[in-house]
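Have a look at the sequence and the model, then read on.

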Amino acid sequence: MLAPAVMVSAVSLMGCPAPDRAGAKTPIKQTRIFLDAYARGDAGTVMAMLDPGGAAIYGSDLAETYDKPAQIRAMLADDQRLWRGGARIGDVTHLSMRCSRRFVSEMFDAPFTVGGRTVDVRFAMVWRRAGGAWFLSQSSNVVPTAGSSARELLSR
């Protein structure tokens, strides 16, 4: 398995913004800022990073679909009450990116830790460039299963 830094370097060769330019606000850096802000409940940072043209966020529960700023703010507040300020989203792995001048889509896994328990979460995020900055336009996350692939189920 490749280390995340190696994956990011390989991806940048496919036309994606370089992740390590000094001070550059690339989608990769924006993603880390967003994940950390969300985990700590920083509503100001989270809301400022959402696409002013509209953002859609899907959580891992079927009922968690939000496309209005007030809904997204309420979801963040609910998560913080549940997590009691102790959440952390770890390093990104299995990163896959597709890029154009105005949009970047990312899919990746990251460990989520709260209350001494860690689960892997799979994210899909779409960033839109507007006015020289990147804004989160769509995001979805799920807790993927383990041991339930078609091959594993068929072999039972």
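R32 and D36 are joined by a salt bridge, with 2.8 Å between their closest N and O atoms. The term salt bridge is used here for a side-chain nitrogen of Lys or Arg within 4 Å of a carboxyl oxygen of Asp or Glu. Both residues belong to helix α2 (residues 27–40), where they sit four residues apart, about one turn of the helix. Helices are DSSP runs of H or I with at least four residues, numbered from the N terminus.

How accessible are the two partners? R32 is partly exposed at 26% relative accessibility, and D36 is partly exposed at 32%. Partly exposed lies between buried (under 20% relative accessible area) and exposed (over 50%), using a 1.4 Å probe and protein chains only.

## About the model

This is a predicted model, in which local features need pLDDT of at least 70 and side-chain atom pairs count only at pLDDT 80 or more, while totals for chains, interfaces and linings use all residues. Residues are numbered from 1 along each chain as its sequence is written, and side-chain values use heavy atoms, leaving out hydrogens and water.

## Two further pairs

D78 and R81 also form a salt bridge, at 2.2 Å from N to O. They are three residues apart in helix α4 (residues 69–83), so about one helical turn separates them. D78 is partly exposed at 40%, whereas R81 is exposed at 57%.

K68 pairs with D67 in a salt bridge, their closest N and O atoms being 3.5 Å apart. K68 is partly exposed at 47%, and D67 is partly exposed at 46%.

Notes: Helices (H or I, at least four residues) and strands (E, at least two) are DSSP runs, numbered from the N terminus.
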